[in-house]
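Let's take a walk through this structure together, one stop at a time. Keep the 3D view open as you read.

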Amino acid sequence: MNDKTPLRELKGVGDKTEKLFQKIGITTTEELLRYYPRTYDVYEEPVEIASAQEDKTISIRATVTSSIYINQVRNLQVLTTTVADSSGRLPVAWFNAPYLRGTLKKGSVFIFRGKLSRKKGRLQMEHPEIFTPAAYEEIVHSMQPVYGLTKGLSNKAITKLVHQVLDTRPLHGEYLPEEIRERYQLADDNYAVRTIHFPKNMQELLTARKRLVFDEFLLFVLAVQLLKEKTEEAPNTFSMKPVWTTEEIIEGLPYELTNAQKNVWHEIERDLSGHKLMSRLVQGDVGSGKTVIAFLTMVLSAENGFQSALMVPTEVLANQHYEGFLKLMEEQNITSCHPVLLTGSTTAKQKREIYAKIASGEVNVIIGTHALIQEKVEYKSLGLVITDEQHRFGVRQREALTTRGNPPHVLVMSATPIPRTLAIILYGDLDISIIDELPAKRLPIKNCVVGTSYRPKAYSFIEKQVQMGRQAYVICPMVEESEGLDAENVTDYARKLKEVLPGEIRVDILHGKMKPKEKNKIMEAFASGEIQVLVSTTVVEVGVNVPNATVMMVENAERFGLAQLHQLRGRVGRGEHQSYCIFIQGNNEEDTSKRLKILNESNDGFYIAGEDLKLRGPGDLFGIRQSGLMEFKIGDIYNDAGILKNASEAAGEILALDFDLRLPQHEALKERLMGYMSEDLENLGI
Ligand SMILES: Nc1ncnc2c1ncn2[C@@H]1O[C@H](COP(=O)(O)OP(=O)(O)OP(=O)(O)O)[C@@H](O)[C@H]1O
């Protein structure tokens, strides 16, 4: 067995299992080992029934004190009994588990592990796991991995397979230079990979995690540094001179550019006409007006006779930008641009026609999803690539671009708030511009963090806003009901909301499982105001622009990272109307309230990220990540900023000594880096 061994060759993996693993992006043993647990279950010491708290998973050691009752509730068979210890009694229920009848004999003692919930005013434990006291003794205090799952694939199945691979694979040689491991006190790689799946305690877990985070950052920073070497001196083969048209467009806009926008625009103009190729990152908080800068740059490129491509992560966004660009052309009478939209939904026939037009130069502004820089697309003269969200277009994609015949100028747009010190490390190959000013007419968003009892008020508020001509988003974490997860889902929620709101208000849904075409249709209907309330998952999070929407209501806000919530909030407050954000907290935990309150204090992405960090302890690393940021599997740029700085320092030293990694002590590292660079590039968008 080696790293690239297909899962298929493992014991117990047939067609069906192979497909299920493919669904979560795993085809080889290496990918399986890099599929880190989402979190860990700790089997705690049993507690007394009397001290058990609602909503918490606990273990109790108790005796079965009554006979078993079986009730049929629709298609659910409910099995109930009562258990007791010296402190009290507790009803327990299982669903569709008739096989337990033989086990749960009156008088027998078990460890019951599950969550307590309140039913008709009484606490009860639902569907607990059962262990004999001896079996529990063996696992108590241990940490069990909890993986991200897909329907049909159980946590047990993944755990078993990871065990199999860890037990049978040959160990690797260490690829990090010894002195670096010593200086930063990093565990051995083989140990780290095993322990991240099966740690015995928190300390072990943190040690393993530190090594893996370091590795992930080190490879990333090395890639950035090597790319920097390559691009720093690349001559400007697509020199673009400033033109009047863009000045006229700026004059003709319905608003005045902010000073920050003007500065960035001038920086870009200077870059494009300079001696070197442009590699620039434009960082600007949600709604700060990055799109118009992208459009101006594309017009400038077209006026200079070159093609440009704007790549975005979703079809919805691609459509939005395409429509936006067409509108700008029409309003401002721009004749030099011939735009085209290219996405996954474009039919094969249309694609062929579009490819031909791109090859002949008939179209010069190409807007779409990542399909744009696939090898099949041959450009006549691609002078500029703009990407609109950096986390889907990381260092590996930028590197792949430089290997094309004539590498184009690169402009990366990002709304991720990253402190400057970290940005310099993470985007070392890019010059950085910051739009640190919001358009003047914006009113600050009004926020509230409330419990679920606030819903009726929120609904009537939404109703009033709609009557005033505005629109609303309601975000739920899930698409449909899912076993074991207690969170709102789009499908049922929309149904309920339709019952509550007056019939003339059109409520519709949007989620990631819909076909792209359907999603576009819904988004267009929302943008045009036909749909007034959109119940959606976080698919709306990145870049969607409907300035008329003024309410953002987020259900189960506790399930999202603050950065993600900030992105969601950024979907409102994009026009002149007062906007509102209602975060519904679905639990009663004080820590959650504290965290969510940060959103109440500020509308500034930088501030939020910083405050969130202060509240986190080491145990939080495995709960909510600042999801959506960058392309890291395990590292978190905020929580692990210290490790990121160490990795950057180490990369600097390695390259100072051996700038192309030729020395024998770096051979294994180089191989690992090559593997990293080519890993999943297809999935990453190239
Ligand atoms: N200087 C300005 N004054 C007023 N409105 C502006 C200005 N610049 C842009 N806008 C408008 O603000 C809204 C948000 O701009 P845009 O979509 O470019 O934001 P963004 O920076 O891309 O944000 P996000 O990261 O959330 O996508 C748009 O409706 C745009 O027309």
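Lysine 513 and glutamate 480 form a salt bridge, with their closest N and O atoms 3.6 Å apart. Lysine 513 sits in the loop between strand 18 (507–510) and helix 17 (516–527), and glutamate 480 in the loop between strand 17 (471–475) and helix 16 (490–500), so this pair ties together parts that are 33 residues apart in sequence. Lysine 513 is exposed, with a relative accessible area of 60%, while glutamate 480 is partly exposed at 42%. Bear in mind as you look that this is a predicted model.

Elsewhere, salt bridges with shared partners link Glu174, Arg181, Asp189, Arg211, Asp215 and Arg672 into one network. How many salt bridges does the count come to? It comes to 29.

Another of these pairs is arginine 118 with glutamate 54, where the closest N and O atoms are 3.2 Å apart. Arginine 118 belongs to strand 6 (residues 109–119) and glutamate 54 to the loop between strand 1 (39–42) and strand 2 (57–64), so the contact ties together parts that are 64 residues apart in sequence. Both ends are partly exposed: arginine 118 has a relative accessible area of 46%, and glutamate 54 has 36%.

Glutamate 129 is in strand 7 and arginine 113 in strand 6, so here the parts tied together are 16 residues apart in sequence.

Histidine 127 counts as partly exposed, at 40% relative accessibility. Glutamine 185 also has a positive phi, near 50°; its place is in the loop between helix 5 (178–183) and helix 6 (189–197). With 64% relative accessibility, glutamine 185 counts as exposed.

Strand 7 (residues 122–131) also runs parallel to strand 5, joined by 2 bridges, and glutamate 126 is the bridge partner of alanine 93. On to strand 5 (residues 88–95) itself: it pairs with strand 4 (residues 76–85) in the antiparallel sense over 8 bridges. A hairpin through 2 residues joins strand 4 to strand 5, and threonine 81 stands opposite valine 92.

Now find strand 10 (residues 307–311), where 5 of 5 residues are buried. Gln307, Ala309 and Met311 point one way, while Ser308 and Leu310 point the other way. Which strands does strand 10 pair with? Strand 13 (residues 382–387) runs parallel to strand 10, with 5 bridges joining them, and strand 12 (residues 365–368) pairs with strand 10 in the parallel sense over 4 bridges. Methionine 311 has a bridge partner in each: threonine 387 in strand 13 and glycine 368 in strand 12.

Finish at the surface, where Asp55, Asp486, Glu589, Glu590 and Asp591 gather in a patch of negative charge. Among them, glutamate 590 lies in helix 19 (residues 590–601) and counts as exposed, at 64% relative accessibility.

Key: Residues are numbered from 1 along each chain as its sequence is written. This is a predicted model: local features need pLDDT of at least 70, side-chain atom pairs count only at pLDDT 80 or more; totals for chains, interfaces and linings use all residues. Side-chain values use heavy atoms; hydrogens and water are left out. Buried means under 20% relative accessible area, exposed over 50%, partly exposed in between (1.4 Å probe, protein chains only). Two strands pair if DSSP finds at least two bridges between them. Patches are made of residues with over 30% relative accessible area and no salt bridge: like charges are joined within 9 Å, nonpolar side chains (Val, Leu, Ile, Met, Phe, Trp, Tyr) within 5 Å. Accessible areas come from the Shrake-Rupley method with a 1.4 Å probe; for residues, only the protein chains shown count as cover. A salt bridge is a side-chain nitrogen of Lys or Arg within 4 Å of a carboxyl oxygen of Asp or Glu. Lys and Arg count as positive and Asp and Glu as negative; His and the chain ends are not counted. The place of a charge is taken as NZ of Lys, CZ of Arg, CG of Asp or CD of Glu.
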